[in-house]
Amino acid sequence: MEILGIPLQAFLGQLMLGLVNGSFYAMLSLGLAVIFGLLGIVNFAHGALYMIGAYVAWMSLEYFGLNYWFALVLAPLVVGALGVVIERTLLKRLYKIDPIYGLLLTFGLALIAEGVFRDQFGVSGQQYPVPELLQGATNLGFMVLPNYRAFVVFASLLVCLATWWVIERTRLGSYLRAGTENPALVQAFGVNVPMMVMLTYAAGAGLAALAGVLAAPVIQVTPLMGSNLIIVVFAVVVIGGMGSILGSILTGLVLGIVEGLTKVFYPEASSVVVFVIMAIVLMIRPAGLFGKEA
Amino acid sequence: MNLKKIPTACALAAAALFTAATPVQAQISGDVIKIGIITDMAGVYGDIDGMGGVEAIRMAIADMGGAINGKKVEVLYAEHQNKADVAAAKAREWFDTQGLDMLIGGTNSGTALAMAKVASEKKKPFLVVGAASSALTNDQCSPYTVHWAYDTVALAKGTGSAVVKAGGKTWYFLTADYAFGAALQADVSTVVKAAGGTVVGSVKHPLSASDFSSFLLQAQASKAQILGMANAGGDTINTIKAANEFGITKTMKLAGLLVFINDIHSLGLKTTQGMYLTDSWYWNQSAETRAWGRRFFEKFKRMPSSVQAGDYSAALQYLKAVKATNSDDADKVLEQMRKTPINDVFAKGGFIRADGRMVHDMYLMQVKAPEQSNEPWDYYNVVETLKGEAAWTTKADTKCPLWK
């Protein structure tokens with residue numbers, strides 16, 4: 001049996017790989033969406049935070065012998081703390097002025113972080129091994145899927161759903177959402193809004209770091225790993241609708257699959273297909289597929 | 001960045017005009033010899049050349065005493081971001097306003113082909129070290145382009161024929177989607193077919209792709225024996241990594257068509273052992289190369305790649321020719337370089353052919369197993385030496401009008 005000229009098996013295999021990449025997009029765009037939704041900041045440092053997360057994993061293994069599972073917890077905490085510092089010292093000064101300043105500041109931070117790591121480690125990068133428990137591959141019949149990649153899909157879906165649940169279904173989440181609508185009023189009810197905003201940025205940064213740790217065994221840990229990915233992730237957020245949590249998760253997964261299939265049918269276009277979709281979506285629905293029209 | 005201010009540039013321009021008007025007098029324009037290098041500093045190829053390449057050029061200048069016949073030697077460097085337009089614009093700026101005497105072309109063939117056009121228009125020597133495309137000395141050859149270290153034909157003749165000889169008859173290519181990838185795939189295909197092999201398919205991937213698994217699955221579905229990786233740097237690294245993860249290496253053999261020592265260092269010997277590759281130079285070949293390699297290591301904390309050694313050699317030979325002619329006039333210096341055999345740490349008995357190819361030996365290497373490696377960066381066994389002309393484009397194949 002064939003679909004669009006390629007064997008069904010190969011087709012299913014490519015769908016699966018698209019899903020793996022899509023889950024990275026989903027996790028990263030989720031963090032961006034949360035930060036944009038609550039802070040109104042377009043966080044261009046997101047790719048750098050993702051890269052730092054991967055490096056924290058690599059360094060904790062290399063220098064302290066801490067394995068992957070520790071890194072999964074440690075890296076989000078370290079990068080989250082870094083997020084707190086960035087928010088308290090820099091971002092909080094920008095909330096009342098034009099969003100372009102936030103964008104420029106975070107872009108600058110990303111360049112600095114990349115530069116520092118490049119100077120320290122070079123661009124060829126470091127090798128991070130797949131954790132022992134997840135080594136090997138499973139034959140799914142239509143393809144041989146490395147166990148680790150299956151774990152990535154599972155873990156990122158779990159994290160995405162948990163984040164969505166916290167924001168949309170809990171009391172804390174309702175404070176967060178109310179805080180974005182009208183911070184003054186929420187503050188008047190006795191909620192510490194600045195603290196909430198700070199923790200939100202830290203959580204977004206932590207999500208990026210977690211994605212970085214998940215990616216470390218799959219791709220080479222390099223200072224450029226963030227900037228190679230972040231532009232696509234921004235496109236994902238724009239397509240899904242800035243600030244929409246569920247939108248960015250779904251869009252991330254779907255675009256991962258679309259990109260994967262493009263790699264089969266017209267590989268040369270695989271790096272631009274996401275942007276073509278973005279342009280079309282912006283023309284038809286400027287607020288994004290899941291965004292609310294202003 | 002080592003750029004001078006506008007008044008200096010005006011002074012240089014005036015000086016250049018002055019010397020042009022009085023050809024019998026002092027032959028070194030602007031009283032300074034300027035060597036420029038435009039390469040990838042921060043991108044995927046940054047480790048292969050980058051600041052290490054600049055350091056190697058500085059070593060060549062130091063070995064010539066920092067000055068030629070009393071005229072100071074300076075080095076300018078810039079990043080081209082792997083963009084041909086950026087590279088060409090910077091080269092033009094340096095030739096027009098900085099009084100640049102010689103340009104060294106770094107990694108990335110797209111940028112090198114663009115800069116070659118500028119150098120040829122400005123009639124200045126352009127020594128290409130980092131870029132691979134054989135077009136530089138073939139259909140796009142120029143009297144001002146010298147291709148120094150290696151090219152896609154040599155890589156093809158080295159790795160391509162060795163792999164076919166070892167039984168790898170059917171090939172599938174994974175190719176970086178720009179000038180270099182296309183040239184490498186074409187050159188290897190020719191060698192494979194001539195040796196009795198077949199090419200069953202290929203897939204193009206964008207430069208610095210983030211994930212290679214999809215391309216690899218397509219390659220595996222082709223049932224070819226050999227996966228020819230017509231890419232370089234970070235892309236090759238991530239291809240090899242994913243190929244191991246997906247078990248591609250169980251059904252296909254990987255042939256790295258352009259692999260540098262930095263890639264091996266980054267991936268580790270466990271992942272890369274047994275792989276064949278072709279390179280123009282290896283630091284651990286002889287007492288002389290080892291001494292130079294260690295000298296570089298002391299300054300840069302990494303062993304030099306073949307490209308960085310090539311940067312050194314190109315700068316050194318250029319400066320020797322300037323010294324011999326006491327001139328920085330492009331035609332005189334190039335004429336001197338063409339008639340002088342090249343003997344330095346990079347090449348022995350090398351010479352520059354009419355098409356601009358610097359002909360020297362190339363080496364087919366095999367990556368050592370971890371237990372064979374005696375020290376960090378001790379990664380290769382030299383399996384075969386491709387002597388002199390054997391490695392390069394032949395007179396029968398060339399389309400270069402300068403070599404007919």
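How many residues does the contact take from chain B, and how many from chain A? In this predicted model, chain B gives 31 residues and chain A gives 27. H7(B) supplies the largest share, 6 residues. By class, this side of chain B divides into 10 nonpolar, 14 polar and 7 charged residues.

Now turn to helix H2 of chain B, residues 50-63. Its 14 residues should span 20 Å at 1.5 Å a residue. The end C-alpha atoms are 20 Å apart, so the two values agree. Just after H2(B) comes B:Gly65, with a positive phi of about 85 degrees.

Which residues of H2(B) are buried? They are B:Gly50, B:Gly52, B:Gly53, B:Val54, B:Ala56, B:Ile57, B:Met59, B:Ala60 and B:Ile61. Their cover includes both strands and helices of chain B. The strands are E1 (32-39), E3 (71-79) and E4 (102-105). The helices are H12 (287-300) and H13 (306-325).

Two packed helices are described by the angle between their axes and the distance between the axes. For H2(B) and H13(B), the angle is about 35 degrees and the axes are 8 Å apart. The crossing is right-handed. H2(B) brings B:Gly52, B:Gly53, B:Ala56, B:Ile57, B:Met59, B:Ala60, B:Ile61 and B:Asp63 to the contact. H13(B) answers with B:Val307, B:Gln308, B:Ala309, B:Asp311, B:Tyr312, B:Ala315, B:Leu316 and B:Leu319. The contact of H2(B) with H13(B) has 11 nonpolar, 3 polar and 2 charged residues.

Helix H5 (residues 147-169) and helix H10 (residues 245-265) of chain A have axes that come within 10 Å. How do these two helices run relative to each other? Their axes cross at roughly 165 degrees. H5(A) and H10(A) are therefore roughly antiparallel. Their crossing is left-handed. From H5(A), the contact uses A:Cys160, A:Thr163, A:Trp164, A:Ile167 and A:Glu168. From H10(A), A:Ile245, A:Leu246 and A:Ile249 take part. The classes here are 6 nonpolar, 1 polar and 1 charged.

An α-helix has 3.6 residues a turn, so residues three or four places apart point the same way.

Back in chain B, helix H5 covers residues 152-165. H5(B) has 14 residues and reaches 19 Å from its first C-alpha to its last. That is close to the 20 Å expected at 1.5 Å a residue. H5(B) is mostly covered, with 13 of its 14 residues buried. B:Gly167 follows this helix, and its phi is positive, near 105 degrees.

The last stop is B:Leu364, in strand E14 (residues 362-367) of chain B. Is B:Leu364 buried or exposed? B:Leu364 counts as buried because it has 22 C-beta neighbours inside 10 Å, and the cut-off is 20 or more. Neighbours within four places in sequence aside, B:Leu364 is in contact with B:Gly158, B:Thr159, B:Ala162, B:Tyr276, B:Thr278, B:Val383, B:Glu384 and B:Leu386. B:Ala390 lies 26 residues from B:Leu364 along the chain, and their C-alpha atoms are separated by 13 Å.

Conventions
Residues numbered from 1 in each chain as written. Chains lettered and ligands numbered in written order. Predicted model: local features only at pLDDT ≥ 70, side-chain atom pairs only at ≥ 80, totals over all residues. Helix = DSSP H or I, 4+ residues; strand = E, 2+ residues; numbered from the N terminus. Expected span 1.5 Å × (residues − 1). Buried ≥ 20, exposed ≤ 12 C-beta atoms within 10 Å, placed from the backbone. Axes fitted to C-alpha atoms, helices over the stretch in contact; angles between N-to-C directions. Parallel < 35°, antiparallel > 145°, perpendicular 65-115°, else oblique. Left-handed = near helix turned anticlockwise from the far one by under 90°. Contact = placed C-beta atoms within 7 Å. Nonpolar A, V, L, I, M, F, W, Y, C, P; charged D, E, K, R; others polar.
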